[in-house]
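Dear colleague,

My findings follow directly after it.

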Amino acid sequence: ALYDRCKSFFDSDYSFFEMYITARLRSSPRGDEKSLIESRKDDFQKWLPYWNLCDDQNIDIDFKGISEKICNEEMMMGSMVSVICFGHKLLNHSYLAEAEQLNEKYKTALSLEKEYPLFYARILLYQEKQIEALTVLQSVEEDYQSTAFVIENILQLSITHKRPVSERTIANAEKIDTLQGWRLLAHYYAEKNNAKLAMNAVTKALLRAKSEDAFAYVMYLELHLKFCNKEFEQIEKVGGNTCVLLHDSKTKKDTEICIYSDQVLPQKEKMPYPYIWEGAIHMENEEAIKKGLCFQGVGDEVVVDGITYVVKSIKPVDAFLYAKAMGKGVENKSITLLEIPKQENGEIDLAEFVSAIKRYMPQREDPLVKYKNPEGIPATLFLLSQSRNMTYGQFVDVLFHDPTIVVRNIHSVNSMLQPNNQYVLSFAVAILLFGMGLDLKMLDKNNVSVPSSMREALKGEYSIIQLEKSRDVVASLYFEGERPVM
């Protein structure tokens, strides 16, 4: 073997040893690389890249001890990139304090490397400094536009903190084509109440989900119930956005095929062919036309890939996806199915129905009752608003007009004594000032700032109100004590 013939050459320099191991792992691994790496511990233990290589091969290492030696300058690091690599490994193994110490020790040198922003952003995320992390990630988005960690976190943090999402970020999220990316886009479009784009994105997320990704199934169901509140239509012919059940009379087996008009399937280089998900074959309209599936009706014969089938049934593809989502929700107990009980005369037993709902719907105490007590510690208005089926802005407006409620909050005495000449409006205060008839043009003249997060929140509330006012049926159900409230 090359290593045995040139052992002295590889023994003399770690960099040659690493090149050899890396080449073997990539081209023709033999299975003994791990033991070979471990055998060189005494020779290369002062080299940081060696420990990075050990962790890559799942060899246990002393993260705390190595980190201490790095900070005490007792380790040959090779380059700052190796330090960044080790810093990521510290975070991967939940050694946050050590990663922070490493960053503080070498921050000036580390910041010169293009790989540093991702390491620094991860530290900020662990420190729960999410706005700062978002700023760092946005600054390197162009360089990491194909990196899922960067794009998904920009989306997640922007949505969470009500920051605008750029067209570039949306395009990058579509390009990385991941389950998490499509889930976040679905959430973003749902907040904007863009039904078409939200359903398109959540469908893509669902079709990339594995059995253990129950959240994708439940999210599809939630958005379908929100945006598609109508019965599934009857389908007479196979076409785009249909699901056809084919029967092979020879084998007595059925084959289910889902056909899509839009490009919702994973990118071809990322999926096997044919693409099978939840027991059905999934294809786009163009392929279905080539196979002769389109325009067939129930009872028609069709030859697909040399096999003769009879069309057994046709339904909307949404009905297939909805059934799978519902089944997964019931399976993981995030959804409970209730049968509507009937009396002997065939009429609905309303009393038993309400009783059944109460068994699965917890009673909730009205937090406004506590809030009205002046001796209690006041909750935030946003927290109180979660107890009502209305937007935050609507809730605050109702409170300000309710003569039985005194709107109050906790203030720090020290902060009240500080001289201020600049102000940032909270959401509730903005509504109060608007209700008092304040001329909004006066805000700029008096050094009052409106955060971008508030602008995004206002846009979201506006679209929610538009959607709710356009619904045919709007209702929710909860219990106050023994009393059901619609």
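For the aromatic groups discussed first, rings of Phe, Tyr and Trp, the last by its six-membered ring, count as a pair if their centres lie within 6.5 Å. Please note that this is a predicted model.

Aromatic rings

By this rule there are 15 aromatic pairs. One of them is formed by Y14 and W47: the ring centres are 6.0 Å apart and the planes meet at 25°. Planes under 30 degrees apart count as stacked, and therefore this pair is a stacked one. Y14 belongs to helix α3 (residues 14-27), whereas W47 is in the loop between α5 (41-44) and α6 (48-56), so the pair ties together parts that are 33 residues apart in sequence.

Strands

Strand β1, which covers residues 242-248, has 6 of its 7 residues buried and is thus mostly covered. With strand β2 (residues 253-260), β1 pairs in the antiparallel sense over 7 bridges. These two strands form a hairpin with 4 residues between them. In the turn of the hairpin, K252 has a positive phi of about 65°.

β1 is also joined to strand β6 (residues 307-316), by 6 bridges and again in an antiparallel arrangement. L246 illustrates both pairings: its bridge partner in β2 is T255, and in β6 L246 stands opposite V311.

The chain as a whole

The chain contains 26 helices and 10 strands. It has 486 residues, of which 39% count as buried. Among contacts between residues at least 6 apart in sequence, 59% join residues at least 24 apart. The chain exposes about 29200 Å², and carbon and sulfur atoms supply 52% of that area.

With kind regards

Technical notes:
Residues numbered from 1 in each chain as written. Predicted model: local features only at pLDDT ≥ 70, side-chain atom pairs only at ≥ 80, totals over all residues. Heavy atoms only, no water. Buried < 20%, exposed > 50% of the residue type's maximum accessible area, 1.4 Å probe, protein only. Contact = heavy atoms within 4.5 Å. Areas by Shrake-Rupley, 256 points an atom, 1.4 Å probe, with all protein chains shown as cover. Pairing = 2+ DSSP bridges. Phe/Tyr/Trp six-rings, centres within 6.5 Å; stacked < 30°, edge-to-face > 60°.
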